[in-house]
Amino acid sequence: MKSFFIFFVIFMSVSISFADYREYDYKASIYSKNYHADMMLLRAMEVDIAGVDYDNKIIDLLLYEEDRVKIRERGYSLQINWSKGVSIDTAVDEEYKTSYEIERFVQTANGLFPSLTKLVEIGKSLEGRSIWALKISDNAAKREIEEPTILFNSMHHAREVMTPEVSLDVIEYLLSNYESDEKVKSWVNNNEIWVVPMLNVDGNNKVWTERALWRKNTRDGHGVDLNRNYPFGWNSCNGSSGSKNADDYRGPEPASEPETRALMGLVEEIKPVFDISYHSYSNLVLYPYGCRNSPGASPQAMIEIGNEIGELLGYRAGTPPELLYQADGGDIDWMLGEHQVIPYVIELNSRSDGFQPDYERTRDKTVELNRKGWMYLLDQLSASGVRGVVRSKNFVNASIRVYKNNELIQNYKINPDGTFHIVLLPGDYHLDFGNKNLDGIYKVKSELINLGDI
Ligand SMILES: [Zn+2]
């Protein structure tokens, strides 16, 4: 299996030039006394918030000279961490992957493990690059309807170069340990595991060739923030920008970007039970919703599982408004609000690591730590909840009403293929299928209740 890795070193060829584009002038930090108010003000000023140390209320900013002046005029004192021209922080460590190397990685994995993997091009970027998803399962070529699906995706934001490393580690770990590790074998055999290691392939190319701190895709030069471009709650709570030059520009309309639509198409097809979208940095686990007054419901199981992942990783867990700021048009809101997925954003790495931490010093420890998170979520696929497949033709548009203590807590829509998988905390629930034989009390314990074909 070692050759699986060494292979990629050969394909490293990177040149960096910053000639034509404007780089940030400063990376600076604010030691915030009124964190949420400061966040709101900084967002209103449309400065680029790079990341935070939530516990110490330190906010990192990427600034142009005019931003620095505006912020100083507001009375903030800035600690300048670097100024343009004097820092090595804007150079990407060449060990990180290009979109081409990602492509070679998933093709190699597919070639080495043809029965355990299926490689799918889920779309093409604006510039015509392939966006890849690798499915890992026994009998990977076919959809096994009785198996739950899960999705891991990385790099909505181009500069977050550590994020594909975690997705690639999921692939490498599962495939190389499949034969020797019973736990891995059972995850792979009993589930359909999908990995999208790099969504923003064009933006990543720009990071390597033009701007190391580029975040968006490359739409018309200005780019769109893919993670403000999803249709659920798009532009609904000042959680994104309408200005093309802002780093969180939401795009001209919901799902305007082909990269956004590529991931949406995959989710609509596979209907994952869980998702992790990897971002960096700030050591956070985020779950929906990005808007304080979102119309969607927040399942208690989502909160508890997210908090547990936070505990395992030593990261803070909460919603974007609780831990950062309001954000609209994000993928996790759309996944939960439209597709009942239980989704998380994991913001890898700390302030001291930044967007482009030294590969040698940081990569292995980041991916090893994060195994605890994705492995825990794989375990949750067979943990407390109720699953089954409705074979009757009448299920289309049917839903399952979930009551706890006589209160309706969820109206679960059965998937178009007849599958349902309701993640519930242990307890007694009344499930109303609208069918006398199935309706009744379900005692949910730590193991999944699998009703099979019904
Ligand atoms: Zn991000």
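Reader: Which residue in β4 is the bridge partner of A28?

Author: This is a predicted model, in which local features need pLDDT of at least 70, side-chain atom pairs count only at pLDDT 80 or more, and totals for chains, interfaces and linings use all residues. Residues are numbered from 1 along each chain as its sequence is written. Strand β1 (residues 26-31) runs antiparallel to strand β4 (residues 79-83), and four bridges join them; two strands pair if DSSP finds at least two bridges between them. The partner of A28 in β4 is I80.

Reader: How many bridges join β1 to β3?

Author: Strand β3 covers residues 58-63 and runs antiparallel to β1. In β3, Y26 has L63 as its bridge partner. The number of bridges joining β1 to β3 is six.

Reader: How many strands are there in the protein?

Author: Helices (H or I, at least four residues) and strands (E, at least two) are DSSP runs, numbered from the N terminus. By this count the protein has twelve helices, and its strands number 19.

Reader: Why is the protein said to be as compact as a globular protein of its length?

Author: The radius of gyration is taken over C-alpha atoms, and the globule rule is 2.2 Å times the number of residues to the power 0.38. For 454 residues the rule gives 22 Å, so the protein counts as being as compact as a globular protein of that length because its own radius of gyration is close to this, at 22 Å.

Reader: Is strand β9 enclosed or open to the outside?

Author: A residue is buried if 20 or more other C-beta atoms lie within 10 Å of its own, exposed if 12 or fewer, and partly exposed in between, with C-beta atoms placed from the backbone. In β9 (residues 274-280), F274, I276, Y278 and S280 point one way, while D275, S277 and H279 point the other way. In a regular strand the side chains alternate between the two faces of the sheet. Seven of the seven residues of β9 are buried, so the strand is largely enclosed.

Reader: Which residue in β12 stands opposite F274?

Author: Strand β7 (residues 149-154) runs parallel to β9, with five bridges between them, and N153 stands opposite S277. β9 also pairs in the parallel sense with strand β12 (residues 342-348), over seven bridges. The residue in β12 opposite F274 is I342.

Reader: Which residues have the most contacts inside the largest nonpolar core?

Author: A nonpolar core is a set of buried Ala, Val, Leu, Ile, Met, Phe, Trp, Tyr and Cys residues joined through C-beta atoms within 7 Å. The largest one has 113 residues. Two residues are in contact if their C-beta atoms, placed from the backbone, lie within 7 Å; leaving out residues up to four places away in sequence, I136 touches L116, T117, I171, L174, L175, V188, I193 and V195. Those with the most contacts inside the core are I136 and V195.

Reader: What distance separates the centres of domain 2 and domain 3?

Author: The bounds, which come from an automatic or database domain assignment, are domain 1 (26-83), domain 2 (99-380) and domain 3 (385-453). Taken over C-alpha atoms, the centres of domain 2 and domain 3 are separated by 28 Å.
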